Amino acid sequence: MLDKIMKTQLFAWIDKRTDAEAIIKSQLTEYPAPKNLNYMWNFGSLALLVLVLQILTGIFLVMYYKPSAEATFGGFTVAFDSVERIMRDVNFGWLIRYMHAVGASMFFVVVYMHIGRGMYYGSFKAPRELLWIIGVVILLIMQGAAFFGYLLPWGQMSFWGATVITNLFGAIPVLGEYIGQVLVGGFAVGDPTLNRFFSLHYLFPLLLAAIVGGHIHALHVVHSNNPEGIDLHKPEETIPFHPYYTLKDAFGVAFFLLFYCYIVFFNPQMGGYFIEVDNYVPANNLQTPAHIAPVWYLTPWYTILRSFESKLLGVAAMGGSLAILFVLPFLCKSAVRSARYRPMYKIMVIMFFVDVIVLGYCGHSAPTATLKVVGQIATAYYFLFFFALPFLPKIEKTKPVPEGI
Amino acid sequence: MKMTKFVMAAVAAMVMGFSSQAMASGGGAHLEHANVDVTDQEQIRRGLTVFTDVCMGCHSAKYITFRGLMDYPEIGLTREEVDELRGEKSLMSGMISDLSIEDAVVSYGKAPPDLSLIVPGRRGGADYVYSLLTGYEHDPDGKVPDGNWNKVFPGNRIAMPDPISWLDHEADEAAELKQQAEDVAAFLTFIGDPHQNTRRIIGCWVMGFLLLLTFVLWRLKVEVWKDVKH
């Protein structure tokens with residue numbers, strides 16, 4: 001079909017002015033992709049799909065949402081009322097809102113899988129360091145966007161989650177208190193906070209869209225890694241991206257949509273994980289919920305924060321745990337990329353994945369003495385993993401890497 | 001492909017964890033299961049009657065309008081029935097209690113929460129509402145006055161005085177009172193998300209379509225890839 005379109009006069013007219021044919025060839029029909037990519041390589045295209053879904057559903061939600069913490073009858077607010085209007089009175093508003101709320105969690109599911117795949121197969125190593133670093137920037141902006149968005153319904157967890165997180169800035173010496181006040185727009189979370197978070201929640205996804213463009217550009221310069229983690233030299237080792245990977249990604253998209261739509265239509269709160277129970281209660285600054293925890297995708301970092309007695313140390317460790325991702329390509333010095341040929345790294349990285357899940361569990365649960373110790377051990381392993389990487393090549397005996405695929 | 005398998009297993013484990021520990025108890029005693037059917041018009045209407053006769057003495061449900069009682073097919077009252085219920089209130093008004101919040105605070109010491117979102121807003125949902133209504137007992141320590149001690153309410157001391165007169169009921173009344181509690185739990189579950197039945201019906205069509213689409217794209221992918229040796 002693409003061939004037919006490219007033979008039309010209209011296409012010729014456009015091509016003369018944009019070089020469209022060369023772009024299509026270099027980026028799609030003649031873009032060389034390794035032929036042995038497994039299904040773990042589908043999560044990149046899924047992340048792009050969810051980003052587009054989030055932006056589209058978000059645009060429609062904004063048509064009805066009102067960012068105001070002004071009180072209305074019965075202890076509610078204008079913002080909370082407008083969300084309920086979307087759920088009840090706007091035609092298919094419930095669908096758009098559930099797609100957006102479930103989409104936020106699913107975005108993190110696919111992105112965490114995507115990051116895990118990159119770590120397992122060594123996709124962050126030379127020459128793809130910058131590709132990885134741009135990816136970490138995307139992760140941070142995503143977490144920011146999700147955090148800002150969670151305030152908007154102005155439920156109990158919105159309010160108290162934002163209160164806890166913005167209070168963290170107070171731990172930073174000298175400037176911390178000032179930064180916190182600028183972010184909140186006052187001395188406590190309130191109407192000004194809601195308005196600036198709404199503004200930032202609209203800005204961040206647009207930044208994401210631009211940076212994702214940079215991520216894909218960087219990928220198309222250095223090309224995809226592959227499960228063997230080796231450089232490909234022979235033409236028969238690669239296949240054109242279109243139609244092979246466009247179709248494989250399309251299949252992946254349909255498969256993903258099965259899960260996504262099942263949750264949207266049959267279990268949108270996901271048992272209180274995707275939309276928390278307390279967020280159906282309107283924000284009340286006089287009544288603290290029994291247990292404040294961020295949404296599941298932020299809980300691993302929340303555990304790292306809580307693992308230190310000193311607030312400053314906790315904040316530093318939480319920041320450090322994300323910042324350390326930037327230098328991963330320079331910490332991991334082994335010449336072999338894929339964990340398939342690195343027996344020690346393989347065990348370490350799988351333990352790291354389990355470790356992050358444990359951190360997430362600890363952060364989501366109500367704090368107990370046992371969980372605190374478990375969280376501290378998990379925090380220690382999180383950092384130990386990164387600090388051990390530079391020394392690993394000295395003791396690790398890698399398996400022989402194949403010549404080709 | 002080992003990595004793929006490992007990840008699939010991890011995801012499966014997490015999803016199962018999600019659903020199994022979905023709703024931890026909100027406090028106090030174990031929650032009893034409520035038989036609630038949000039597609040059963042009879043039950044929802046019976047629940048509406050309990051709501052207007054008992055709950056609305058103090059509580060409101062501001063997100064449900066009198067108009068909604070006609071428009072949602074799950075309730076489907078006639079105009080005449082709605083007119084009788086609403087009295088002087090506007091058709092577009094929410095179901096607002098005649099007791100003002102200020103007066104309620106004076107009488108009971110606490111503002112009665114709006115009940116529009118009480119089911120999604122409480123751990124245990126309908127089971128919690130049902131268990132709370134049938135959870136009034138005499139304080140074992142004898143400190144809390146009768147009608148303010150509830151075995152499922154967090155902290156056990158509740159401002160709402162035994163609405164369906166559960167405490168000291170006759171043995172032969174138990175079934176009827178339980179039925180009332182269950183019916184009102186069904187009504188409240190329905191109004192917590194009034195498009196839930198539509199959502200599930202559309203969802204079935206969506207899943208059917210996606211299953212077909214996934215199958216077609218899978219066969220297409222296999223067909224296109226059959227010459228690639230990898």
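In chain B, helix α2(B) meets helix α7(B) through B:Gln43, B:Ile44, B:Arg46, B:Gly47, B:Leu48, B:Val50 and B:Phe51 on one side and B:Gln180, B:Asp183, B:Val184, B:Ala186, B:Phe187 and B:Phe190 on the other. Contact means that two C-beta atoms, placed from the backbone, lie within 7 Å. This is a predicted model: local features need pLDDT of at least 70, side-chain atom pairs count only at pLDDT 80 or more, and totals for chains, interfaces and linings use all residues. Residues are numbered from 1 along each chain as its sequence is written, while chains are lettered from A and ligands numbered from 1 in the order in which they are written.

**Helix packing in chain B**
- Helix α2 (residues 41-53) and helix α7 (residues 174-192) of chain B pack at about 100°, with axes 7 Å apart.
- Axes are lines fitted to C-alpha atoms, for helices over the stretch in contact, and angles run from 0 to 180 degrees between N-to-C directions.
- α2(B) is therefore roughly perpendicular to α7(B), a label for angles of 65 to 115 degrees (under 35 is roughly parallel, over 145 roughly antiparallel, the rest oblique).
- The contact of α2(B) with α7(B) has 8 nonpolar, 3 polar and 2 charged residues.
- Nonpolar covers Ala, Val, Leu, Ile, Met, Phe, Trp, Tyr, Cys and Pro; charged covers Asp, Glu, Lys and Arg; the others, Gly among them, are polar.

**Where chain B touches chain A**
- 38 residues of chain B are in contact with 37 residues of chain A.
- On the chain B side, α1 (2-20), β1 and α8 (196-225) each give two or more residues.
- α8(B) gives the largest share, 15 residues.
- This side of chain B divides into 23 nonpolar, 8 polar and 7 charged residues.

**Helix α5 of chain A**
- In α5(A) (residues 78-88), 8 of 11 residues are buried.
- Buried means 20 or more other C-beta atoms within 10 Å of the residue's own; exposed means 12 or fewer, and partly exposed lies in between.
- Among the buried residues are A:Phe80, A:Val83, A:Ile86 and A:Met87, as well as A:Asp81 and A:Glu84.
- Their cover includes α4, β2, β3, α6 and α10 of chain A, together with β1 (61-65) of chain B.

**Chain A overall**
- Chain A has 17 helices and 4 strands, which are DSSP runs (H or I, at least four residues; E, at least two) numbered from the N terminus.
- Buried residues make up 41% of its 405 residues.
- The C-alpha atoms of chain A fill a box of roughly 70 × 60 × 40 Å along the principal axes.
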